[in-house]
Amino acid sequence: MLTAWGDMLVPPQERRIFSRNDEMQGPLLNDYADLKNPLGVHENCPNEKKPYSALIFRHTVTIAPYDIIVCALCELRIMIPKEIRTYGSLREYCHDKIKTP
Ligand SMILES: [Zn+2]
């Protein structure tokens, strides 16, 4: 869960967003997996037209103390600390943000 509004990031599995059957396959990434672009898919993206087309990317902002994760299709923009390197730390960060807005 990325936001208090229920935006979900669905991580890719084995780094392949699309398999031959346009379905995600393979073992789930664990929390220690490094974040790599694309980070995953914005589940229930309001602009999504076909399954798994709403990819979420991390943008590094060199002059800012934060990076941004961005949905390629909608207006979703979330600032995250540059220190966040893994899916587990991203999950914890977002969880804490939701609890204490
Ligand atoms: Zn989206």
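The structure is a predicted model, in which local features need a pLDDT of at least 70 and side-chain atom pairs count only at pLDDT 80 or more, whereas totals for chains, interfaces and linings use all residues. Residues are numbered from 1 along each chain as its sequence is written. The mean pLDDT (the predictor's confidence in each residue, from 0 to 100) is 81 for the protein, and 81% of its residues reach 70 or more. Helices (H or I, at least four residues) and strands (E, at least two) are DSSP runs, numbered from the N terminus. Confidence is lowest in strand β1 (residues 8-10), with a mean of 86, and highest in β4, with a mean of 95. Residues 14-22 have a pLDDT below 50, and this stretch has 11 contacts in the model beyond near neighbours in sequence. Two residues are taken to be in contact if their C-beta atoms, placed from the backbone, lie within 7 Å.

Two strands are taken to pair if DSSP finds at least two bridges between them. Strand β1 runs antiparallel to strand β2 (residues 40-43), to which it is joined by 3 bridges; here methionine 8 stands opposite glutamate 43. Strand β2 is in turn joined by 2 bridges to strand β3 (residues 55-59), again antiparallel, and valine 41 has leucine 55 of β3 as its bridge partner. Between β3 and β4 there are 4 bridges, and these strands run antiparallel. Isoleucine 56 is partnered there with cysteine 71 of β4, and a hairpin of 6 residues joins β3 to β4. Strand β4 is also joined to strand β5 (residues 77-81) by 5 bridges in an antiparallel arrangement. A hairpin links β4 to β5 through 5 residues.

Not counting residues up to four places away in sequence, leucine 39 touches Leu9, Pro11, Ile56, Phe57, Arg58 and Ile69.

Isoleucine 69 belongs to strand β4 and stands opposite isoleucine 78 in β5. A residue is buried if 20 or more other C-beta atoms, placed from the backbone, lie within 10 Å of its own, exposed if 12 or fewer, and partly exposed in between. Isoleucine 69 counts as buried because it has 23 C-beta neighbours inside 10 Å. Its contacts, leaving aside neighbours within four places in sequence, are Leu39, Ile56, Arg58, Ile78 and Ile80. Isoleucine 69 and isoleucine 56 are separated by 13 residues in sequence and by 6.7 Å in space, C-alpha to C-alpha.

Two backbone features lie in loops. Asparagine 44, in the loop between β2 and β3, has a positive phi of about 60° although it is not a glycine. Most residues other than glycine have a negative phi, and most peptide bonds are trans. Asparagine 44 counts as exposed because it has 11 C-beta neighbours inside 10 Å.
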